[in-house]
Number of protein chains: 2
Amino acid sequence: MGKKKSEKQESKDVSTEERIKEAARQVFTKKGYAATRTRDIAEAAGLNLALLNYYFRSKEKLFEIVMMEKVQALFGVIAPVLNDEESSLEEKIERLVHNYLDMLMKNPDLPLFVLSEIRYQPEDLARRLQVGKLLRESVLVKQLRERKKNIHPLHFIMNLLGMTLFPFVGRPMFQHGAGLGQKEFEALMEERKKLIPKWIDAMLGVR
Amino acid sequence: MGKKKSEKQESKDVSTEERIKEAARQVFTKKGYAATRTRDIAEAAGLNLALLNYYFRSKEKLFEIVMMEKVQALFGVIAPVLNDEESSLEEKIERLVHNYLDMLMKNPDLPLFVLSEIRYQPEDLARRLQVGKLLRESVLVKQLRERKKNIHPLHFIMNLLGMTLFPFVGRPMFQHGAGLGQKEFEALMEERKKLIPKWIDAMLGVR
DNA sequence: AAGTATTTTAATCAAATGATTAAAAATTAA
DNA sequence: TTAATTTTTAATCATTTGATTAAAATACTT
């Protein structure tokens, strides 16, 4: 399936397969799996509907590919930071917040899409990405345990992820509820890059 | 449409209309609008499929009713607390966190459902519930402005809502990623009732 | 250039879906 | 008790959807 295509072809044009995937990324992210029709994707790609089955066999299989990418995008940023043996807790938090917010500003719809779709097949995705290792056994978690022996480290993980991700998850509400424009939202997120590590620090100081 | 039903009938049995609504609340919450078939709701209600159109005219109209309830449930708890002229900022935060977590423990799927579905018609819902007033003009917001003149009050709103709501939004991930059981999750939420106000206090103390 | 393989196309299919229909059943009103 | 109204039922409908099909077009190999 496209395996025998010449190298020249690939470097010159975007392949049909990639065009479908790109369209799928956009449409699935916008509408979710159930509300997305294969026709929507074909239209967005400017291609014939039958090509979706030819290249990916089913809507479901196409979605799995996109979903894996998206989950990887959401968690991939944090894994190396959480598992760095060389940096301090404070350094990890600063780097994580900074990198995460940078990524999220480029993909503001990602968290809500992933969290929303993950409801329907949570075990598989979480296991394959070893999210459990990050949330239970990472270096950051060990550092949190040492720092605050009486409080479950998951609390701080929830706070850290909540403060970083929630503005994006709640963005439709903030936009249409509070009249928060794009520029204003971005400015707030830039401020949060600096504020969140300070807040986490203050929380770690609470007795 | 059920308007002329005797009072006796209503007090004795659950009405057909209410049975459909209750089934719809459950199925829509679990599957979302797009993936829910009218047949699913009819089966969950143990009723004939045609009754859905007889009583509610369309799947969409039934969903609107359920969605309004759910949005009201999500925001209704916080409005009186945010607008109480008599209580201090700290009191409001304590009461809000407490009431909110109580409500969320009984309806753990609510936030993700609302936030997920609100993407598809955000303006209407947010406007009708005057979410803007809560996020921009409530007494709590005024109190935050007085307390921290250099920081946009929305930051604290995001943190407060994020720390309260996010564990539920991310629950599938925490359950299947971190192996967090129901009991453990509830214990963490009970702890957070006390910890969140402390954390917010610490954050308000940051210079 | 002919033969082979792959990709693309447009039509079609089989099943599913929200909705409608007409009649039966139940309830209410006179 | 009959007539009128409302509710319920099961079948059916019209449309949509993911998927399949067969042929044409394109690309690759000899």
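Residues are numbered from 1 along each chain as its sequence is written, and chains are lettered from A in the order in which they are written. Because the model is predicted, local features need pLDDT of at least 70 and side-chain atom pairs count only at pLDDT 80 or more, while totals for chains, interfaces and linings use all residues; side-chain values use heavy atoms, with hydrogens and water left out.

Chain A is built from 14 helices and zero strands, where helices (H or I, at least four residues) and strands (E, at least two) are DSSP runs numbered from the N terminus. Its C-alpha trace spans about 60 × 40 × 35 Å along the principal axes. The domain assignment divides chain A into domain 1 (14–57) and domain 2 (67–204); such bounds come from an automatic or database domain assignment. The centres of the two domains, taken over C-alpha atoms, are 29 Å apart.

How do the two domains of chain A touch, and through how many residues? Six residues of domain 1 are in contact with five residues of domain 2, contact meaning heavy atoms within 4.5 Å. Together the domains of chain A bury about 450 Å², with 51% of it on carbon and sulfur atoms. Buried area here is the accessible area (1.4 Å probe) that two parts lose on being put together, summed over both. On the side of domain 1, A:Arg25, A:Thr29 and A:Tyr33 lose the most area to domain 2, together 78% of what that side buries.

One salt bridge is counted between domain 1 and domain 2 of chain A, a salt bridge being a side-chain nitrogen of Lys or Arg within 4 Å of a carboxyl oxygen of Asp or Glu. A:Arg25 pairs in this way with A:Glu69, the closest N and O atoms being 2.6 Å apart. A:Arg25 also forms a salt bridge with A:Glu22, at 2.7 Å between the closest N and O atoms. A:Arg25 and A:Glu22 both belong to helix α2 (residues 16–35) of chain A and lie three residues apart, about one turn of the helix. Between the two domains of chain A there are also three residue pairs in polar contact (both at pLDDT 80 or more). A polar contact is a pair of N or O atoms within 3.5 Å; within protein, one must be able to donate a hydrogen and the other to accept it, and residues adjacent in sequence count only if both atoms are side-chain atoms.

Turning to the pair of chains, a rotation of 180 degrees with 0.0 Å of shift along its axis superposes chain B on chain A (RMSD 0.0 Å). The two copies are thus related as by a two-fold rotation axis. In chain B, the C-alpha nearest that axis belongs to B:Gly162, 2.5 Å from it. The superposition is by least squares on the C-alpha atoms of residues with pLDDT of at least 70 in both copies. As 100% of the interface residues of chain B are also interface residues in chain A, the copies meet through the same surface.

The contact between the chains takes 57 residues from chain B and 57 residues from chain A. About 4900 Å² is buried between them, and carbon and sulfur atoms give 74% of this area. Two salt bridges are counted between chain B and chain A; one of them joins the side chains of B:Arg136 and A:Glu184 (3.3 Å, N to O). Across the same interface, 13 residue pairs are in polar contact (both at pLDDT 80 or more). Helices of chain B that give two or more residues to this side include α2 (16–35), α10 (131–137), α12 (153–169) and α14 (182–205). The largest share, twelve residues, comes from α12(B).

Within chain B, helix α2 holds B:Gln26, whose side chain makes a polar contact of 3.1 Å with that of B:Glu22. B:Gln26 and B:Asn107 are 81 residues apart in sequence and 11 Å apart in space, C-alpha to C-alpha. Over all chains, the whole structure has 22 salt bridges.
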